[in-house]
Amino acid sequence: MKIHEFQAKEVFSSFGIPVPTGKVAATPAEARDAARALGLPVVVKAQIYAGGRGKAGGVRLVESAEEAESAAAAMLDRPLVTHQTGPEGRIVKRVLVENASDIEQEVYLGITIDRARRAPVVMASPAGGVEIEEIARKTPERIFKEWASPQIGLRPFQAHRLADRLGLNAKTTRAVAAVITNLYRAFAETDCTLAEINPLAIVSDGAALAIDAKLNLDDNALFRHPDLASLRDPNEISDLELEAGKYNLNYIKLDGNVGCLVNGAGLAMATMDLIGLAGASPANFLDVGGGANEEMIEHGFDILLSDSDVEAVFINIFGGILRCDILARGIVAATRHRDFDLPVVIRLEGTNVEEGRRILAESGLGFRSASTLSEAAALVAQAVSKEAA
Ligand code: GDP
Ligand code: MN
């Protein structure tokens, strides 16, 4: 789960990481008042679950309260398109108004999980800021790394060694080492998959200040952090994802035109690969999991059909705990209460498969069945290419 910059800054602050003073505003007038209260100059920053705002007009440095108001007016209630949002962008509902900092240098700090090493990796670079992706691609040797022990954590000498490599003066090096230590504590204690400060600004008196803040939380650990879980912003989650969440289903939106209903994440991946091999691409996938009941299947199928990109449906189920007859009943129930004429290809295997096939066949709904996975994928690819023609 992602949270907004201003929320991540509150978390950082509670872990002793210095952040600029700021206020959140939902209207241009609130942004103007915030600028007056904070003192000028200020930066006005669009709050969306995506980075790349600086290059896209979502971060504006202004000298007056009136300018803060017009900067906020230009951002609020409109989509902001950055290289991380996709072409449709994200609607900006709030801006963060903050005291502007006099930045001498922008440092990058980030912590994520290194799966190959099975340990958190702490990264730092003296070349932080909006070009960090370019640095990572072209001069990766300018990003320094330390691996923390999952049991012991990041040792103090590792934080200092990392800070030392940034080529800063002694005072600033100490300040940065302290930020690294605190960022690691924030990462570990809130169960993050990513904690990032880009940039960490080195300001004129040599202090370090987190100008930007990003925290991605591990969904599987959210139950331990009800306060953070409650920050979830429905504005940032698509309606269909929200709807799926209500029924404990996993719905992931993709950019092709085949709707996929599967059980289990592994089967979902394999299904997408097969669809790709057959020359088509998935519009989404809906994972109904292992223990779905008829009602969940019905809602799931409904959600999948509500995606207007879907031109054909591929149902790929290996029934174990989820019995094939339950699946078939759910699908038939969903198609009964809505008009639809999309081709549906079904590949069913496992518990009660005969019963499941019988229910589908007797429904009179014209589902196409396939007995092997590759046959099913070929059928569905054929179906979408016909739709296109
Ligand atoms: P992002 O583009 O979404 O990552 O947004 P950031 O919060 O990182 O801001 C982008 C860039 O705007 C930063 O790298 C800075 O160069 C600049 N910026 C942001 N806040 C300030 C500030 O207070 N003072 C100055 N001078 N520049 C800032
Ligand atoms: Mn940034």
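View 1. A backbone N or O atom of N198 lies 3.1 Å from an oxygen atom of ligand 1, a polar contact being a pair of N or O atoms within 3.5 Å. Backbone N or O atoms of two further residues also face oxygen atoms of the ligand: that of G54 at 2.7 Å and that of S101 at 2.8 Å. Taken alone, ligand 1 exposes 570 Å², of which the protein buries 82% (Shrake-Rupley areas, 1.4 Å probe).

**View 2. The shell around ligand 1.** Ligand 1 is surrounded by 17 residues, the closest being K45, R53, G54, S101 and E106; a surrounding residue has a heavy atom within 4 Å of the ligand. At least two shell residues come from each of the strands β2 (42–46), β7 (103–114) and β10 (strands are DSSP E runs of at least two residues, numbered from the N terminus).

**View 3. The manganese ion (ligand 2).** The protein donors are N198 (O) and D212 (OD), lying 2.2 Å from the ion; donors are N, O and S atoms within 2.8 Å of the metal, and water is not among the atoms, so the site may look incomplete.

**Notes.** Residues are numbered from 1 along each chain as its sequence is written, and ligands from 1 in the order in which they are written. In this predicted model, local features need pLDDT of at least 70 and side-chain atom pairs count only at pLDDT 80 or more, while totals for chains, interfaces and linings use all residues; side-chain values use heavy atoms, without hydrogens and water.

Definitions and conventions:
Donors = N, O, S within 2.8 Å, 3.2 Å for Na, K, Ca; no water. Polar contact = N/O pair within 3.5 Å; in protein donor to acceptor, adjacent residues only side chain to side chain. Helix = DSSP H or I, 4+ residues; strand = E, 2+ residues; numbered from the N terminus.
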